Amino acid sequence: AGNMVRVALAVVALLPCALAFTAGPATRLPMQLRAAPASTRASGLVMQQQRESGEANSQYKARLAASIPTAMLLSQIILPMQEAAAAKGQYGLLEGKAVGLVHPLVMVSLFFFTLFTGYQGLMWRQVREIGDDLKPLNEELKALEAQQDPEAPPSPKISALKAEVDEKTAKRKELISGNYKDKHFAAASALLALGVTFSIEGGCDTYLRTGKLFPGPHLFAGAGITVLWAVAAALVPQMQKGNDTARSAHIAINTVILGLFAWQLPTGFQITMNVLNKTPWLPQLVADAASK
């Protein structure tokens with residue numbers, strides 16, 4: 001299976017090159033264009049699709065149609081890797097509004113998903129706490145029943161204690177049926193994976209669109225949340241061994257995460273509005289138009 005995965009990745013990596021060299025001379029980059037700077041090569045993909053003098057309309061349409069798949073792949077995959085500059089259109093759609101909106105949309109979803117994950121964790125904690133409460137109550141009940149005359153009716157204290165034990169036992173069974181432990185573990189794992197991935201994606205997207213990062217509350221709070229996710233996850237092994245200190249620290253850390261998350265929402269909204277108002281859907285076309 002591992003070999004098959006490596007072969008598949010190799011095929012995907014070589015696909016753009018294969019398309020570029022098998023689509024025909026009309027869709028390959030000319031030698032002078034390949035030797036040009038990255039920005040020139042990026043805009044050259046558009047330039048070489050212009051109709052040539054003396055070219056029939058049917059020939060032009062056929063050449064244009066044949067070159068579209070290669071041009072799309074080259075502009076979005078190969079050309080963006082030519083140099084480490086940004087915000088000039090050479091990254092294609094990666095600098096566009098659609099990609100720029102991925103981070104805020106995912107992060108808003110993860111904020112509410114954090115609330116859901118925390119609820120699952122608190123329900124599982126309640127299961128454990130009720131179990132801990134039942135142990136001394138059951139011991140006390142057994143001791144009182146041992147002192148009670150078997151022929152006599154239960155004393156009021158025994159009856160009250162038995163009712164309390166039955167109530168807590170029924171509630172614990174109900175909570176256990178909710179399978180909160182497995183749900184919390186699955187939700188927290190997804191939150192960790194998605195949160196770390198898209199917090200890093202947010203910084204990369206900002207650089208792709210603007211050519212720089214903006215140190216400030218939003219960036220620093222996001223970095224802090226990412227670190228705290230890792231610390232909270234690192235406490236899980238000790239929590240599984242019954243370490244109450246680790247459990248309390250886990251809850252405290254996630255409370256801080258939730259607070260930072262909520263504090264980020266206003267600044268995140270401002271950044272999202274800047275993306276909506278200032279970022280084009282097709283940045284390459286805007287860059288080409290501005291250069292003419």
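Phenylalanine 111 is buried, with a relative accessible area of 12% (buried means under 20% relative accessible area, exposed over 50%, partly exposed in between; 1.4 Å probe, protein chains only). Phenylalanine 112, at 53% relative accessibility, counts as exposed. The model is predicted: local features need pLDDT of at least 70 and side-chain atom pairs count only at pLDDT 80 or more, while totals for chains, interfaces and linings use all residues. Residues are numbered from 1 along each chain as its sequence is written, and side-chain values use heavy atoms, with hydrogens and water left out.

The structure holds 5 aromatic pairs (rings of Phe, Tyr and Trp, the last by its six-membered ring, with centres within 6.5 Å; planes under 30 degrees apart are stacked, over 60 edge-to-face, the rest tilted). Among them, phenylalanine 111 and phenylalanine 112 form an edge-to-face pair, 5.3 Å centre to centre with 75° between the planes. The rings of tryptophan 229 and phenylalanine 261 are also edge-to-face, with centres 6.2 Å apart and planes at 70°. This pair links distant parts of the chain, 32 residues apart: tryptophan 229 lies in helix H9 (residues 217-234) and phenylalanine 261 in helix H11 (residues 244-278) (helices, H or I, of at least four residues are DSSP runs, numbered from the N terminus). Both tryptophan 229 and phenylalanine 261 are buried. Ring pairs link Phe111, Phe112, Trp229 and Phe261 into a cluster.

In H9, Ala221, Gly222, Ile225, Thr226, Trp229 and Ala232 are buried. The buried residues of H9 pack against helix H8 (180-210), helix H10 (236-240) and H11 (contact means heavy atoms within 4.5 Å). On the other side of H9, Phe220, Val227 and Ala234 are exposed.

Key
Helix = DSSP H or I, 4+ residues; strand = E, 2+ residues; numbered from the N terminus.
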